[in-house]
Amino acid sequence: MTEVELRPGLEGVPATATSVSVLDTEAEQIVVRGYDLIELAQRLAYPDVAHLLIHGHLPDRSEQEGFCRRLAQAALLPPGMEELLAALPSGMEAMDGLRTGISALAGWEDPGLLADRSPEADRAKAERLLARAPAVAAGAWRATTGRDQVRADPELGFAERFLHLVLGSVPDADAVRAFDRILTCYSEHELPNSTFAARVVASTWSDLYGAATAAVASLKGPLHGGANEASAHLLLELQAKGGAARAGAEIKERLSRGERIMGFGHRVYMRRPDPRAELLDRELPGLAARRPDGEELLQIAEAVRTVMLEEKGLYPNTDFPIGIALYLLGIPIELDTPIFYCARVAGLMAHVIEEHEHGRLYRPRVAYRGPRGQHVPEGMAPSPC
Ligand SMILES: CC(C)(COP(=O)(O)OP(=O)(O)OC[C@H]1O[C@@H](n2cnc3c(N)ncnc32)[C@H](O)[C@@H]1OP(=O)(O)O)[C@@H](O)C(=O)NCCC(=O)NCCS
């Protein structure tokens, strides 16, 4: 049997052709349907980018109005969903509650539409999922932490409505703008593990909700989406252990023990800066004034950055500034990864639509390292169960 070349983690292997996005590391650009993601984040609002991803083009004025209207109309959870979320066990992790809720949403789709893999049907479902994901994320977290439910407010814009669901009140315009920018930075990023997971599921012609559910499970992992929460926790730990003065030494100790510092490094960028992190770093000073310890946290973050670059040659990825920014915005840390997911729904849906349209069933091979030629021992009987 001839052995195929093994690339662990499929590093550097193109797994599909796509016209959704690409990380052009040489040009230091994240290209989303031909646009620079950083320019999109600076110039437009998240729903514009979501429209670009789901519908393939930037919306004109009337498309903007129609898209915003449909997102607002679909933002309320379907009847019965609140009861389902209320039945989740107290203390369940926020990403597990989200995964359950996203999966359950399939039950409220018209069965004919659920099975329809045409781009038109997928786009209609994608819009509904995009609209509802924040209410599912916040609703599951509220239910499992004993908080009162907050209903999605159709009068608010997307980012504003999301923050209202989480915080229970409508924050000021600066907070909304920063949060909107974070959503755009998270909206799409080529083929990370969660997008690949969604594409793998969609390639079987399974439905969009199944693909979206697989992506939640993938994103939960600390090597992927969980890194934003880990970064925020890291800063708070460093704050408790002597603050900025000791942060560098503490990071060096952790590195010498072989620990990974979450929010640094990236499979594709690896030893180059992540353009999203550079953009969002510039947001942090403006957000720091929102908390009494904001400035101190930024000094700790700077100490961590310096040591990581000096010791490992690694730059922060987007999860590092976003973990800090969400904390400064007063968002509970356990919601960081659910927020990442809700923002990524736009990109995930673009990939699922593309996979349903042009995809080919993923079925890779293995490099087998196990034994051969084994035989069942003489006299061994089958199990009694
Ligand atoms: C994202 C990540 C998994 C990509 O890494 P990868 O392509 O698999 O690279 P490897 O795990 O092979 O790491 C290569 C080297 O860099 C080191 N490294 C990578 N990221 C590191 C980190 N965050 N902290 C410390 N060391 C790190 C590895 O230990 C390894 O060192 P070695 O060659 O001395 O063994 C990795 O950078 C990481 O674990 N980062 C922290 C988690 C994170 O922030 N994830 C979000 C990504 S958007």
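These legends describe close-up views of a predicted model.

Strand 2 spans residues 29-32 and runs antiparallel to strand 3. Two bridges join strand 2 to strand 3. Val32 has Tyr35 of strand 3 as its bridge partner.

**View C. Helix 3 crossing helix 7.**
Helix 3 covers residues 61-74, and helix 7 covers residues 119-144. Their axes come within 8 Å and cross at roughly 60 degrees. Helix 3 is therefore oblique to helix 7. The crossing of these two helices is right-handed. From helix 3, the contact draws on Arg70, Leu71 and Ala74. These meet Glu127, Arg128, Leu130, Ala131 and Arg132 of helix 7. The contact of helix 3 with helix 7 has four nonpolar and four charged residues, but no polar ones.

**View D. Helix 13 packed with helix 16.**
Helix 13 (residues 243-256) and helix 16 (residues 294-312) pack at about 35 degrees. The axes of helix 13 and helix 16 are 8 Å apart. Helix 13 passes helix 16 in a right-handed crossing. The helix 13 side of the contact consists of Gly243, Ala244, Ala247, Gly248, Ile251, Lys252 and Leu255. Facing them in helix 16 are Glu296, Gln299, Ile300, Ala303, Val304, Thr306, Val307, Met308, Glu311 and Lys312. Nine residues of the contact of helix 13 with helix 16 are nonpolar, four are polar and four are charged.

**View E. Helix 5 packed with helix 18.**
Helix 5 runs over residues 94-105, and helix 18 over residues 336-358. The angle between helix 5 and helix 18 is about 35 degrees, and their axes lie 8 Å apart. The crossing of helix 5 and helix 18 is right-handed. Helix 5 brings Ala94, Met95 and Leu98 to the contact. Helix 18 brings Thr337, Pro338 and Tyr341. In this contact of helix 5 with helix 18, five residues are nonpolar, one is polar and none is charged.

Note on methods
Residues numbered from 1 in each chain as written. Predicted model: local features only at pLDDT ≥ 70, side-chain atom pairs only at ≥ 80, totals over all residues. Axes fitted to C-alpha atoms, helices over the stretch in contact; angles between N-to-C directions. Helix = DSSP H or I, 4+ residues; strand = E, 2+ residues; numbered from the N terminus. Parallel < 35°, antiparallel > 145°, perpendicular 65-115°, else oblique. Left-handed = near helix turned anticlockwise from the far one by under 90°. Contact = placed C-beta atoms within 7 Å. Nonpolar A, V, L, I, M, F, W, Y, C, P; charged D, E, K, R; others polar. Pairing = 2+ DSSP bridges.
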